[in-house]
Amino acid sequence: MAVGARADAALLGFARALRAAGVDASAERVHAFLRAVDELRTGMRADVYWAGRLTLCGGRDDLERYERVFAAYFGGAPPAGRTVTVPPPPRLRLAAREGPVPRTAARDEDHQAPPTAALASSAEVLRHRDVAELDSAERAQLRRLLAAFALRGEVRRTARRRPARRGEVDPHRTVRELLRRGGEPARLLRHGRADRPRRVVLLVDVSGSMAPYADALLRFAHAAALVRFAPAAGRGGRTEVFTIGTRLTRVTVELSHRDPDLAMAALAAAVPDWRGGTRLGELLREFLDRWGQRGMARGAVVVVLSDGWERGDPELLGAQMRRLHRLAHRVIWANPRKARPGYAPLAAGMAAALPSVDAFVEGHSLAALERLAAVVRGVESAPVEGADRA
């Protein structure tokens, strides 16, 4: 029973990783996935792969994300290449289960691959480990999982309209359709308001106190920045990334490389203040004066990834945070130190910023970053506890 519960927990972790990558793995699909795996062989990668591919993916766009997350979560390449489009018939597999399966009929990959439950359990444990405590092999696996992230802002209703099955009648398109039919009766064409994700702005602290977490947070930002260049992102859905330390550096273009390692190399050459001090108040004022006030922060979801250590004037930081809060749709602060036992926001900078923060979350692990992505999308809420918002 303990083994089955551990396997289910690992498979649920895989579903959460898919959601973080942008796959719409709803509760109904996850339930169907667990039932399919239960009917097949939980310990075999091929069975888990096809069960998830057939139940968790809702469209063609999900397939690439699914294969990347599967390879990162379970290790190795997917059991079937992308050229395989038709899975083996489920009835044949289930009929074969009625009798003993000859060892010669099993696929080579099933013999060579370790049990899927063990691989997934290690990945599930990794999701909750503090990034600062990982070894080199675990960091490599973490980087593969972070590369599959997709960060989109909370959806907003725009003034633009698009064709829809329900909604108000679109008079222009309806009249054009009537003219095209020569005045013959035609179906009424309708339109509705278009939805668009809000802009996301990431401010990543690269000071000395954030050194153990900087690489993971910047790779998280890289995955988020790629959404900017996706056709489905739209004009309002782009993501902007800045680093903050002793200087403010806009690194959105450097993070536009598809290859994460090339993006990190370009970012390292562009950022001059690695592992320096922290001047949050001054740099936040510079961001607002140069970009935020002109429109980048207006109606956006602004995420600050920092431990809140401030070498400058905390009152200046508090004033600039209030200014940011008036411009942005929501302000989210992710602090890797928040997960430590007995943590309290006693640092002068963190205490000054909290009254202007809408959500205060952790940022120390993969699971924490997954929750951060859900908060940015508006799927989850993370109220600020103990902050005086008067």
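A residue is called buried when its relative accessible area is under 20%, exposed when over 50%, and partly exposed in between, using a 1.4 Å probe and protein chains only. Tyrosine 66 is buried, with a relative accessible area of 0%.

The model is predicted, so local features need pLDDT of at least 70 and side-chain atom pairs count only at pLDDT 80 or more, while totals for chains, interfaces and linings use all residues. Residues are numbered from 1 along each chain as its sequence is written, and side-chain values use heavy atoms, leaving out hydrogens and water.

A search of the whole structure finds 11 aromatic pairs. Rings of Phe, Tyr and Trp (its six-membered ring) pair if their centres lie within 6.5 Å; planes under 30 degrees apart count as stacked, over 60 as edge-to-face, and the rest as tilted.

One of the pairs joins phenylalanine 14 to tyrosine 66, edge-to-face, at 5.7 Å centre to centre and 70 degrees between the planes. Phenylalanine 14 sits in helix 1 (residues 2-20) and tyrosine 66 in helix 4 (residues 60-74), 52 residues apart. Helices here are DSSP runs (H or I, at least four residues), numbered from the N terminus. Phenylalanine 14 is also buried, at 0% relative accessible area.

Phenylalanine 14 forms an edge-to-face pair with phenylalanine 70 too, at 5.9 Å centre to centre and 80 degrees between the planes. Because phenylalanine 14 lies in helix 1 and phenylalanine 70 in helix 4, this pair ties together parts 56 residues apart in sequence. Phenylalanine 70 counts as buried, at 0% relative accessibility.

Ring pairs link Phe14, Tyr66 and Phe70 with Phe33, Tyr49, Trp50 and Tyr73 into a cluster.

Notes. Helix = DSSP H or I, 4+ residues; strand = E, 2+ residues; numbered from the N terminus.
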